[in-house]
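Here is a short tour to read with the model open beside you. Please keep the viewer at hand and follow along.

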Amino acid sequence: MKAAVLVFPGSNREGDVAQAIELVTGRKPQMVWHCDGDFEKTDLIVVPGGFSYGDYLRCGAMAAQSPVMAEVKKRAAQGVPVLAICNGFQIVTEAGLLPGTLMRNAHLKFVCSDVHLKVETSQSLFTNRYQAGQVIRVPVAHAEGNYFADETTLKRLEDRGQIAFRYCAPDGTVDGTGNPNGSIQNIAGVFNETKTVMGLMPHPENAVEPMFGGSDGKALFEGLVEALT
Amino acid sequence: MSLEKNPPVKLPNEPAITPQIVAEHGLSPAEYESVLAIMGRAPTMVELGIFSAMWSEHCSYKSSKVWLKKLPTKAPWVIQGPGENAGVIDIGDGQAAIFKMESHNHPSYIEPYQGAATGVGGILRDVFTMGARPIANLNALRFGDPSHPKTRHLVSGVVAGIGGYGNCMGIPTVGGETNFHAAYNGNILVNAMTVGIAPAHRIFYAAAAGVGNPLVYVGSKTGRDGIHGATMASTEFNEDSEEKRPTVQVGDPFVEKLLLEACLELMATDAIVAIQDMGAAGLTSSSFEMAAKGGLGVVVELDKVPMRETGMNPYELMLSESQERMLIVLKPGREELARKIFEKWELDFAVIGHLTDTQRMVLSWHGDIVGNIPIPPLVTEAPVYERPWTLTPLPPVVDAASVPAPKDWRGSLLALMSCPDLASKAWIWHQYDHLIMGNTAIRPQDGDAALVRVPSSAKGAGHKGLAMTSDCTPRYVQAHPETGGRQAVAEAWRNITAVGALPLAVTDNMNFGNPQKPEIMGQFAGAIMGMAEACTTLDFPVVSGNVSLYNETEGRPILPTPTIGAVGVIADIAKAVGSRLTEGGLGIVLIGETKGWLGQSLYLREACGREEGAPPPVDLVVERRNGDFVRDQIALGRVDACHDVSDGGLLVALAEMCIAGGTGVEIAQPAGNAVPSHAFFYGEDQARYVIASGSADDIVEAAKAAGVPAVLLGYSGGASLVVNGLLSLPLSDIKAAHEAWLPGYMSATE
């Protein structure tokens with residue numbers, strides 16, 4: 001699997017995801033600078049976490065207008081898979097690749113903590129190594145991760161199986177106790193209609209080694225490798 | 001250069017220097033006499049501003065210098081001790097750890113968010129200026145009494161500011177400490193520490209070299225923020241009464257992130273001769289220090305400095321403390337290479353001067369000389385004070401028998417576990433990204449020290465880990481500064497040891513009151529004496545530090561707070577242990593001797609309302625012996641969890657281990673032990689650790705052979721903390737009490 005990781009001024013988890021990709025594929029991904037609208041063809045595009053352009057406007061709003069994102073939109077339309085994490089999730093929603101939006105956390109504070117996620121489906125490139133209903137533990141680290149979509153959109157997401165992960169309690173119960181940011185219906189990650197683009201607020205890339213945050217996130221990358229190699 | 005022979009011109013509206021202006025610049029009449037002697041004439045305003053900044057307590061260490069010299073600073077693994085932007089130690093495999101702690105106390109009290117944020121920004125720059133990629137931040141915070149009307153607002157702002165800056169920079173904030181005491185009501189402490197990693201052969205220093213080499217300014221533009229003593233000066237300069245600017249700087253972590261990446265990219269080339277961040281006193285201290293350290297002169301063309309607004313004058317440019325700026329001396333001909341890098345990162349880049357052989361600092365402004373100062377005398381003639389000092393006498397020892405035992409043991413433990421100093425600080429550290437970079441092995445609250453994997457260790461071998469901590473027990477220092485100084489170093493050393501790492505070096509952040517009062521200077525002197533002794537005995541040299549004096553409000557000083565930041569290394573991170581008790585059936589072993597020392601203990605304060613007595617004595621030889629023993633047992637793989645015994649004593653240490661790992665214990669005071677139970681369980685005797693081990697008998701036997709006191713207290717298991725004959729408490733109750741206080745306090749309305 002050949003992967004490209006985008007780098008915006010202010011990106012800061014590009015190294016973490018590159019490390020995770022290298023761990024499962026044995027090769028370093030290509031790092032693509034935000035001005036580069038013509039980067040090498042890859043099997044996967046990753047939009048990483050951070051504070052693109054400082055996030056001084058709405059999070060992700062500036063990055064969504066960058067030359068590299070114009071190209072990502074084109075390739076996503078051709079079916080190239082896109083994994084968008086945290087600030088990346090904010091960027092791709094701003095770019096219109098995924099429905100919904102990420103608002104300020106309900107408690108108004110930055111939150112860095114392990115959370116539990118319920119895997120909603122194993123039927124995707126990104127989740128094929130998980131079982132539907134499985135509970136995994138991965139961290140979050142964000143101030144604007146409060147997912148919101150209107151009722152019509154939510155119904156469509158539900159009907160088409162576009163919800164990837166929901167925040168839950170350690171036993172899998174989906175209720176307010178496991179929700180770190182106030183996301184509607186505990187939504188932590190969603191797919192586009194073709195399930196080739198996935199955005200999520202949690203950081204699977206920080207859960208790939210037992211000593212360093214656990215390894216529940218590793219299967220996501222392994223699943224991608226299996227699907228895309 | 002011919003320009004230099006010209007006397008400085010007077011700027012329009014420049015006032016004559018009056019005794020009042022001198023006083024407003026913080027210079028004493030005697031110090032101003034030295035200025036006149038050095039200059040041979042009256043200084044211009046900008047020159048006066050430069051003297052004022054360079055001779056300030058902050059830049060010159062004039063009150064503390066004679067004492068700081070007493071600290072040990074050398075060891076075979078020390079690459080760079082105090083005097084540079086940060087300390088540098090060799091951690092093996094061709095790698096160096098670069099670290100320092102610095103205070104931002106006064107700004108954080110005035111404007112907590114920006115004060116704390118720029119404190120983090122400043123210490124990060126100190127570390128990456130030297131060529132290191134920062135890998136971890138820590139912070140030591142002291143707030144006033146929780147009931148004080150400002151405390152909640154200050155906690156909220158400081159924590160948000162630290163998080164706001166560090167999170168955006170993408171550096172994990174992995175550890176620290178937070179205390180509350182009424183002595184900080186009018187003067188909180190915000191001490192920030194950064195640890196970075198660099199190739200040991202590629203450290204960057206501030207000493208300029210090469211006459212004619214270009215002086216380059218990079219980063220943010222210069223604005224009018226943080227101008228030292230500028231209130232008076234700017235009204236004098238601008239008669240149309242410009243609005244007064246706040247003296248607190250405003251941070252932009254996004255620009256600092258770009259600056260970090262750009263600097264590291266430039267550092268990977270061979271273009272840099274010297275580099276220095278613009279911190280306190282901005283362009284003044286950075287240009288001055290670079291030239292002074294290189295024994296050279298410098299011409300600064302101030303009109304070429306990138307400016308944020310129009311109408312700025314030389315005084316403002318030299319004294320602005322705008323953030324996210326660096327000064328670099330480049331090799332000749334490397335300007336374009338460097339410019340391209342900074343332009344890629346969309347940062348300002350300007351050649352603003354060059355080095356000379358005149359040993360003078362010459363400032364030009366649109367072709368006119370506006371300042372011309374000889375550099376060496378400003379350093380050699382800088383004021384140094386041997387201020388009068390009176391040592392604090394050792395208070396009487398508190399006899400444990402005179403302290404009442406708790407009527408309700410359960411209540412006493414719950415009260416301690418939920419008191420502001422011991423209550424969980426999760427509300428704070430969950431606002432800090434402590435996981436970014438994917439190298440955090442021991443998270444906050446899971447061990448006595450934070451533990452971070454060192455990136456790019458040699459392949460194949462086990463990964464190395466850096467352990468780091470910050471510690472100080474100000475109530476001990478207040479009671480007896482020598483003991484307190486010794487204890488702060490010893491506890492930092494113990495924290496590093498408790499995770500299995502070898503303590504290597506220290507950065508100190510000395511926060512004290514007004515040094516012109518003999519009793520305050522005596523606190524400083526005493527703390528230094530204790531620290532020096534501990535650092536020497538523990539082979540734990542001081543490699544960097546910062547002094548913050550005049551921490552007083554309305555004549556009331558803070559508790560003397562010599563915060564110790566420390567770093568240690570473990571060769572194989574997989575062998576490290578945390579303090580979480582996660583399985584049953586493990587033997588619980590207490591290492592070290594318990595006499596039941598209750599003087600200055602939290603039990604005495606929280607349960608009896610008494611802040612008194614001599615603090616626990618620190619026997620450094622015993623400290624070292626016990627710690628070396630514990631570290632050896634961890635290396636042998638015999639230890640499952642380890643926690644040092646400090647604030648609150650043994651029972652608190654056990655409770656912390658139990659609730660962190662979700663496993664209970666059943667223990668008892670050893671048979672025949674004559675120490676009163678409340679002193680045994682709440683005493684704060686030093687040099688002690690609790691170890692949980694599947695081979696407890698081996699440890700006790702080895703301890704006996706090594707002459708280390710060790711006793712098996714009981715075993716882990718169940719879901720309660722049980723002390724036979726005294727108490728049985730479900731962990732859920734302890735956890736609830738421990739975790740409820742801070743969130744409850746922060747969400748309450750006044």
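In β26(B), Ile667(B) has Gly714(B) as its bridge partner. That bridge belongs to an antiparallel pairing of strand β24 (residues 665–667) with strand β26 (residues 710–716), both of chain B, over three bridges. Two strands are said to pair if DSSP finds at least two bridges between them, while strands (E, at least two residues) and helices (H or I, at least four) are DSSP runs numbered from the N terminus.

A word on the source: this is a predicted model, in which local features need pLDDT of at least 70 and side-chain atom pairs count only at pLDDT 80 or more, whereas totals for chains, interfaces and linings use all residues. Residues are numbered from 1 along each chain as its sequence is written, with chains lettered from A and ligands numbered from 1 in the order in which they are written.

**The sheet in chain B**

The pair sits in an open, mixed sheet of seven strands, ordered β23-β25-β22-β26-β24-β27-β28 (chain B). Because β23 (641–644) and β28 (727–730) of chain B each have a single partner strand, these edge strands are left without a neighbour on one side. From one strand to the next, the twist averages 20 degrees.

| Helix | Strand | Angle |
|---|---|---|
| α22(B) | β23(B) | about 140 degrees |
| α25(B) | β28(B) | about 70 degrees |

α22(B) touches β22, β23, β24, β25 and β27 of chain B, contact meaning C-beta atoms, placed from the backbone, within 7 Å. This helix (residues 649–661) has 13 residues and reaches 19 Å from its first C-alpha to its last, close to the 18 Å expected (1.5 Å times one less than the number of residues). Since 13 of its 13 residues are buried, α22(B) is largely enclosed by the rest of the structure; buried means 20 or more other C-beta atoms within 10 Å of a residue's own, again placed from the backbone. Just after α22(B), Gly662(B) takes a positive phi of about 75 degrees.

Chain A has five helices and 11 strands, and 55% of its 229 residues count as buried. Its C-alpha trace spans about 45 × 35 × 35 Å along the principal axes. In all, 22 residues of chain A are in contact with 23 residues of chain B. On chain A's side, α1 (14–25), β6 (111–119) and β7 (135–142) each supply at least two of the touching residues.

Terms used. Contact = placed C-beta atoms within 7 Å. Buried ≥ 20, exposed ≤ 12 C-beta atoms within 10 Å, placed from the backbone. Axes fitted to C-alpha atoms, helices over the stretch in contact; angles between N-to-C directions.
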